[in-house]
Amino acid sequence: MSASPLIARTVPALRRAVDNLRKRKATIALVPTMGALHDGHVSLVRLAKRRASRVVVSIFVNPTQFAPTEDFGAYPRTWKADIAKLAAEDVDIVWHPGVAAMYPEGFATRIAPEGPALAGLEDRFRPHFFGGVATVVGKLFTQCRPDVAIFGEKDFQQLRVVTQMARDLDLGVKVIGSRTVRERDGLAMSSRNVYLSPEERQTAIVLYRAMRESAGRIRAGDSIAPAMAGGADMVKAAGLVLDYYEVRHAETLAPVTSRKDGPLRILVAAKLGTTRLIDNMAV
């Protein structure tokens, strides 16, 4: 049976634990999470273990990236199951701060990302979001001081924002994206999938099917506009409410008009009942 990871709840305790690893010449990978861990998170941990000798997983539901109308209070929290999963993967440290440890009284500094954070995708519907993400990830990077940090590609715009921030601010962290893990029918794994009713769960796979259809048409030489319109129609016909269904440059997230514009990525966000789902796919 695997030993439980060391659990740090204060910055001094975390830094002592990390310093002890560094004294043994360890390289360190960080996997930032908000808990409610599933097989997608486990895949991030396994990639982290391939890229560094020691692994830190953070579990922190970050209030600054939730708008007042969003699900901060209801966000799933499964601490005992999370620790069991991380112990089974031989994670070394779990960084589990409270809100007061991350945002103590008088906290007054925030990171305001631009570039991919202002691409007109998630930021158009959640203008608060990437400021909250960038601030908390910036803190996680300076608290844990990892060599590499692993993020899932499912939150693709977030991955681009964090990569840009680490580069721009010379944080000394190599950000690595990990391929989206999907259910057998194609639905991207997400902690929010637990909100879906059984009927909604069956409907949700239309996102994957629509992206696959649009990507296939673009690869086959169809023009972007009709290929994307066809996919969007599939999603809407299934009863989802689209926030966006777009193809963008995979690195900059800039709009594109042709496959010749560079590596492409389809990005989608839609509501199914009360649950908002996001996904993406390379073209």
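Is aspartate 170 buried or exposed? Aspartate 170 is exposed, with a relative accessible area of 67%, a value to keep in mind when reading point 7 of this note on a predicted model.

1. The parallel sheet. Six strands form an open sheet in the order E1-E4-E3-E2-E5-E6, and their pairing is parallel. The edges of this sheet are strand E1 (6-8) and strand E6, each of which pairs on one side only, and neighbouring strands are turned by 25° against each other on average, with direction ignored. At one end of the order, E1 and E4 pair in the parallel sense over 3 bridges, and leucine 6 stands opposite isoleucine 93 in E4.

2. Helix H1 lies across E1, E2, strand E3 (54-59) and E4, and runs at about 155° to E4. Helix H7, for its part, lies across E5 and E6, running at about 165° to E6.

3. The largest nonpolar core. This core has 33 residues, of which Trp95, Val137, Phe141 and Phe151 touch the most other members. At least two residues of the core come from each of helix H1 (11-23), strand E2 (28-33), strand E4 (93-95), helix H6 (129-144), strand E5 (148-152) and helix H7 (156-168), and the largest share, 9 residues, is supplied by H6. As a general background to such a grouping, nonpolar side chains tend to be buried together in soluble globular proteins.

4. Phenylalanine 141 and the second core. Once its neighbours within four places in sequence are left aside, phenylalanine 141 is in contact with Leu30, Pro146, Ala149, Phe151, Val162, Met165, Ala166, Leu171, Val173 and Val175. Apart from the core to which phenylalanine 141 belongs, there is a second, separate core of 27 residues, which includes Tyr208, Ala210, Ala227 and Tyr245.

5. The antiparallel sheet. Three strands form an open sheet in the order E7-E8-E9, with antiparallel pairing; E7 and E9 are the edge strands, each pairing on one side only, and neighbouring strands are turned by 10° against each other on average, direction ignored. Strand E7 (residues 241-249) pairs with E8 over 8 bridges, and in that pairing arginine 248 has arginine 265 as its bridge partner in E8, while tyrosine 244 stands opposite alanine 269. Strand E9 (residues 275-282) likewise pairs with E8 in the antiparallel sense over 8 bridges, and here the bridge partner of alanine 269 is isoleucine 278 in E9. E8 and E9 form a hairpin with 2 residues between them, and glycine 273 in the turn has a positive phi of about 65°. Strand E8 (residues 264-272) is mostly covered, with 8 of its 9 residues buried.

6. H9 has 14 residues and reaches 20 Å from its first C-alpha to its last, close to the 20 Å expected at 1.5 Å a residue. Just after H9, glycine 221 takes a positive phi of about 110°.

7. Two backbone angles to check. Most residues other than glycine have a negative phi, and against that background two residues deserve a second look. Arginine 145, which is found in the loop between H6 and E5, has a phi near 50°, a positive value in a residue other than glycine. Aspartate 170, in the loop between H7 and strand E6 (174-178), also has a positive phi, of about 50°, although it is not a glycine. Arginine 145 is described as partly exposed because its relative accessible area is 36%, and aspartate 170 as exposed because its value is 67%; the cut-off for exposed is over 50%.

Terms used. Residues numbered from 1 in each chain as written. Predicted model: local features only at pLDDT ≥ 70, side-chain atom pairs only at ≥ 80, totals over all residues. Heavy atoms only, no water. Core = buried A, V, L, I, M, F, W, Y, C linked by side-chain atoms within 4.5 Å. Buried < 20%, exposed > 50% of the residue type's maximum accessible area, 1.4 Å probe, protein only. Helix = DSSP H or I, 4+ residues; strand = E, 2+ residues; numbered from the N terminus. Contact = heavy atoms within 4.5 Å. Pairing = 2+ DSSP bridges. Axes fitted to C-alpha atoms, helices over the stretch in contact; angles between N-to-C directions. Expected span 1.5 Å × (residues − 1).
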